[in-house]
Amino acid sequence: MEIEIRSPLTQTEWEAYYDLRFRVLRAPWNQQKGSERDAQEAEAEHFAVFKEQQIIAVGRLDQLNESTCQVRFMAVDPLFQGKNIGKSLMEFILIHSQKKQEKNVILHAREMAVPFYERMGFQVTEKSHLLFGEIQHYLMQKK
Ligand SMILES: CC(C)(COP(=O)(O)OP(=O)(O)OC[C@H]1O[C@@H](n2cnc3c(N)ncnc32)[C@H](O)[C@@H]1OP(=O)(O)O)[C@@H](O)C(=O)NCCC(=O)NCCS
């Protein structure tokens with residue numbers, strides 16, 4: 001599949017970017033529109049997977065300190081899950097973080113996504129928070 005990975009640029013692309021986040025990570029738990037964004041959007045780096053003009057996967061990278069960054073809001077359009085899109089996106093983000101000399105990459109994975117991140121070289125460090133009272137998360141790290 002021919003894909004391109006880059007930050008959204010136009011207003012339309014930004015709307016599609018946040019909408020995919022909302023549809024995959026918020027709507028199934030009856031969360032309100034707007035809950036897919038937080039106060040760090042302006043400082044973070046954003047990655048969208050484009051197939052032709054359409055955004056089919058998204059992810060965000062936050063700089064936590066000099067040596068550590070955190071992957072957040074990873075979501076693949078349900079129509080494109082299980083087709084190695086998430087893997088391509090995560091590989092792209094990891095290469096990007098290596099270029100920036102990051103030593104550690106961390107993330108909080110939903111329980112069902114833990115095996116995906118393990119395949120990408122992450123290890124569970126500890127059990128972390130419970131989202132919406134039901135989605136157990138695990139802190140994972142890749143050195
Ligand atoms: C989790 C998610 C990001 C994975 O992306 P994806 O494009 O569906 O996964 P890929 O097709 O790239 O899978 C890469 C590898 O991980 C494996 N994998 C993916 N999801 C998995 C799962 N839930 N359980 C076990 N293995 C999984 C695949 O089998 C594949 O293995 P392979 O390389 O041996 O073939 C995506 O399915 C998603 O957005 N899910 C819903 C939202 C979510 O949970 N986001 C993460 C929040 S922490």
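Here is a walk through the fold, from the overall chain to the sheet, the helices and the ligand.

Keep in mind that this is a predicted model, where local features need pLDDT of at least 70, side-chain atom pairs count only at pLDDT 80 or more, and totals for chains, interfaces and linings use all residues. Residues are numbered from 1 along each chain as its sequence is written.

Let's start with the whole chain. The protein chain has 3 helices and 7 strands; helices (H or I, at least four residues) and strands (E, at least two) are DSSP runs, numbered from the N terminus. Going along the sequence, the pattern reads β-α-β-β-β-α-β-α-β-β. Along the principal axes, the C-alpha atoms fill a box of roughly 35 × 35 × 30 Å. The radius of gyration is 14 Å, which agrees with the value near 15 Å that a compact globule of 143 residues would have. (That radius is taken over C-alpha atoms, and the globule rule is 2.2 Å times the number of residues to the power 0.38.) Buried residues make up 24% of the 143 residues. Here, buried means that 20 or more other C-beta atoms lie within 10 Å of the residue's own, exposed means 12 or fewer, and partly exposed is in between, with C-beta atoms placed from the backbone. Of the contacts with a separation of 6 or more, 53% come from residues 24 or more positions apart; a contact means C-beta atoms, placed from the backbone, within 7 Å.

Now for the sheet. Strands of a sheet pair through backbone hydrogen bonds, either parallel or antiparallel. In this model, an open sheet of 7 strands has the order β1-β2-β3-β4-β5-β7-β6, with mixed pairing. Because β1 and β6 stand at the edges with a single partner strand each, one side of each has no neighbour in the sheet. Neighbouring strands are turned by 25° against each other on average, direction ignored. As for the term itself, two strands pair if DSSP finds at least two bridges between them.

Strand β1 (residues 4-6) pairs with β2 (residues 45-51) in the antiparallel sense over 3 bridges, and Ile5 stands opposite Val49 in β2. Next, β2 runs antiparallel to β3 (residues 54-63), joined by 7 bridges, with Phe47 opposite Gly59 in β3. β2 and β3 form a hairpin with 2 residues between them, and Glu52 in the turn has a positive phi of about 55°. Further along, β4 and β5 pair in the parallel sense over 4 bridges, where Thr68 stands opposite Asn104 in β5.

Glu126 counts as exposed because it has 8 C-beta neighbours inside 10 Å. Glu126 and Leu139 are 13 residues apart in sequence and 5.3 Å apart in space, C-alpha to C-alpha.

What about the helices? α1 lies across β2, β3 and β4, at about 85° to β3, while α2 lies across β1, β2, β3, β4 and β5, at about 35° to β3. For these angles, axes are lines fitted to C-alpha atoms, for helices over the stretch in contact, and angles run from 0 to 180 degrees between N-to-C directions.

Finally, the ligand. It is surrounded by 19 residues, the closest being Gln81, Gly86, Lys87, Pro115 and Phe116. α1 (11-25), β4 (68-76), α2 (85-99), β5 (104-110) and α3 (114-119) each give two or more residues to this shell.

Notes: A residue is near a molecule or strand if its C-beta atom, placed from the backbone, lies within 6 Å of it. Two residues are in contact if their C-beta atoms, placed from the backbone, lie within 7 Å.
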